[in-house]
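Welcome, and please open your viewer.

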Amino acid sequence: MEDRNKLIQRRIEKLKEFKSKGIEPYNNAFLPDSLAEDLHKGYDETDSEELINKDICVAVAGRVMAYRSFGKAGFMKLKDFSGQIQVYAEKNSLSEEDFKLYKKIDIGDIIGVEGCLFKTKTKELTIKAKKIVLLTKSIRPLPEKWHGLQDKELRYRQRYVDLIVNNEVKETMIKRAQIINAIRDFMVQNRFIEVETPMMHKLVGGATAKPFITHHNALDIDLYLRIAPELYLKRLVVGGMERVFEINRNFRNEGMDLKHNPEFTMMEFYIAYRRYTFLLDFTEELFEYIFKRLGIDEKKVEFNNQTIDFSRPWKRLDFFDGLKSVGGLDEETIKNKEKAYNLAVELGKSVKKDMSLEKILAELFDALVEPKLINPTFVVGYPVAISPLARRSSENPDITERFELFVSGMEMANGFSELNDPFDQKERFLKQLEERKKGDDEASMYDADYIRALEYGLPPTAGEGIGIDRLVMLMTNHDSIRDVILFPLMKDKENEEI
RNA sequence: GGGUCGUUAGCUCAGUCGGUAGAGCAGUAGCCUUUUAAGCUAUUGGCCGCAGGUUCGAUUCCUGCACGACCCA
């Protein structure tokens with residue numbers, strides 16, 4: 001707190017002055033009885049005379065967002081979590097001490113006000129203050145009233161300031177909460193049980209990603225922050241919890257960009273005695289439910305300068321057909337590894353010679369097909385080689401009963417009929433182990449306990465993961481994941497003051 | 001990891017073809033009892049991101065670094 005600028009020093013001086021006069025600058029004894037929003041709802045329509053006659057007196061508390069003073073009177077805008085309400089302070093209606101206090105209030109201070117409602121010349125509902133109490137002295141100046149805080153770096157690093165001055169942030173986060181509530185309600189209505197499985201895993205599995213590593217001192221073992229809850233949720237289905245879901249964080253030790261944050265929120269769910277085809281309809285229904293709850297017109301969802309139509313049914317696109325019809329690949333490239341590899345290199349993809357044809361095709365799909373999938377599209381028919389936990393199709397053993405959902409080129413969901421054959425699963429684990437030995441640190445580890453669980457018997461099951469952050473991006477029209485996460489990960493700056 | 005752009009007052013931004021920097025808001029002093037980005041008058045405030053180089057002289061040109069935004073991988 002040493003090398004402060006003058007604005008802060010000036011406010012600290014005020015704070016000291018308050019203390020010396022017996023005014024507590026961090027006072028918690030004031031109890032508001034009304035919220036700004038409720039007052040507007042209750043009395044915005046009441047006309048001036050009637051309002052005066054009713055003599056409605058209230059106590060409100062909040063942060064001073066605007067301060068307009070002229071000599072012996074003035075106005076303040078007080079902001080609480082529900083909204084803003086105007087306060088009128090005039091010399092004749094206040095005690096001498098309170099008026100002096102009012103004159104010394106800074107924008108950003110948190111105060112309590114007691115007074116009665118009236119309407120100004122311009123018909124704005126206002127509280128005429130009888131009593132003003134300083135609740136918290138703010139010693140840092142707020143950003144400019146008109147432009148607010150624009151600097152994205154500061155907005156993410158100091159989200160508390162962002163929230164104070166940019167209302168849009170709170171609105172987005174409220175929508176985020178509403179979306180998650182809607183999902184939860186929908187799942188519960190469908191008789192799913194919400195569970196919490198470990199965030200710290202002894203083995204890496206359930207997805208293809210690099211994990212974060214941490215250490216447990218007492219046991220002296222390394223643990224991994226989970227990259228997916230999948231294997232634990234399926235253990236629960238083995239145990240008879242035939243419909244389970246979890247909404248929680250996953251952690252992937254990867255780069256950050258518009259669509260990736262190292263920790264992100266997923267809803268993963270499993271339902272026994274259903275196939276992946278059930279999931280397609282269920283996902284459509286879930287989205288429909290969320291849109292309805294949020295009051296969004298599902299036919300016209302504005303996102304990233306596009307208008308997306310979520311009318312059901314959504315498009316189904318076969319992986320290989322998509323490579324041809326959307327990606328423009330010919331039959332030969334799809335079957336010839338050499339050709340596919342060369343094309344991938346040409347497109348600047350980081351492919352390796354020893355990659356499987358399927359993995360290279362997945363890269364091509366990523367580059368050529370995904371960006372073109374704007375309206376919601378279920379891609380189906382993924383090859384086995386890139387789907388280590390999905391059940392093989394009974395018609396074609398090289399492909400799986402799996403789908404991914406794309407919207408505006410973004411992967412939104414991934415689901416499949418679960419592989420419940422312990423022998424097949426064991427083989428695929430062994431294959432992953434080989435990949436790992438070859439240096440692929442995204443391959444999963446051999447989970448012997450999971451195999452044992454499958455040996456007890458996992459009923460036929462369908463499971464899916466939905467990226468919540470991306471869903472919120474879509475429904476609040478933000479093209480950056482950082483705008484839907486309250487505290488996105490940021491690099492430390494040098495010389496942070498202590 | 002690579003490329004482009006950015007970093008100037010508390011905030012939002014100008015600007016300097018290389019000669020010690022401006023505005024608006026905020027702040028301070030004064031006037032003002034119904035304002036709405038209140039108004040009027042006056043005024044304080046800057047290691048021009050950090051380090052190095054070129055130069056008589058660098059906030060400006062060059063290099064490196066840090067952080068960020070965007071694009072690509």
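**Rings, charges and a helix crossing**

Begin by selecting Tyr232 and Arg235: the arginine lies over the face of the Tyr232 ring, 4.7 Å from the ring centre. Keep in mind as you look around that this is a predicted model. Now go to Tyr382, where Arg402 lies over the ring face at 4.4 Å from the centre.

How many aromatic pairs does a search of the whole structure find? The search finds 25. For one of them, select Tyr67 and Tyr102: the ring centres are 5.3 Å apart and the planes stand at 35°, so this pair is tilted. The two tyrosines link distant parts of the chain, with Tyr67 in strand 1 (residues 57-70) and Tyr102 in helix 4 (residues 96-104), 35 residues apart. Is each one buried or exposed? Tyr67 counts as partly exposed, at 22% relative accessibility, while Tyr102, at 0%, counts as buried.

Then select Phe186, Phe192, Phe269, Phe278, Phe282 and Tyr289, which ring pairs link into a cluster.

For the last stop, show helix 7 (residues 167-189) and helix 9 (residues 276-294), whose axes come within 9 Å and cross at roughly 130°. That angle makes helix 7 oblique to helix 9, and the crossing is right-handed. To see the contact, select residues including Gln178, Ile179, Ala182 and Phe186 on helix 7, and Phe282, Leu286, Tyr289 and Arg293 on helix 9.

Methods
Residues are numbered from 1 along each chain as its sequence is written. Chains are lettered from A and ligands numbered from 1 in the order in which they are written. This is a predicted model: local features need pLDDT of at least 70, side-chain atom pairs count only at pLDDT 80 or more; totals for chains, interfaces and linings use all residues. Side-chain values use heavy atoms; hydrogens and water are left out. Rings of Phe, Tyr and Trp (its six-membered ring) pair if their centres lie within 6.5 Å; planes under 30 degrees apart count as stacked, over 60 as edge-to-face and the rest as tilted. Helices (H or I, at least four residues) and strands (E, at least two) are DSSP runs, numbered from the N terminus. Buried means under 20% relative accessible area, exposed over 50%, partly exposed in between (1.4 Å probe, protein chains only). A charge sits over a ring if NZ of Lys or CZ of Arg is within 6 Å of the ring centre and within 35 degrees of the ring normal. Axes are lines fitted to C-alpha atoms, for helices over the stretch in contact, and angles run from 0 to 180 degrees between N-to-C directions. Angles under 35 degrees count as roughly parallel, over 145 as roughly antiparallel, 65 to 115 as roughly perpendicular and the rest as oblique. A crossing is left-handed if the near helix is turned anticlockwise from the far one by less than a right angle, and right-handed if clockwise. Contact means heavy atoms within 4.5 Å.
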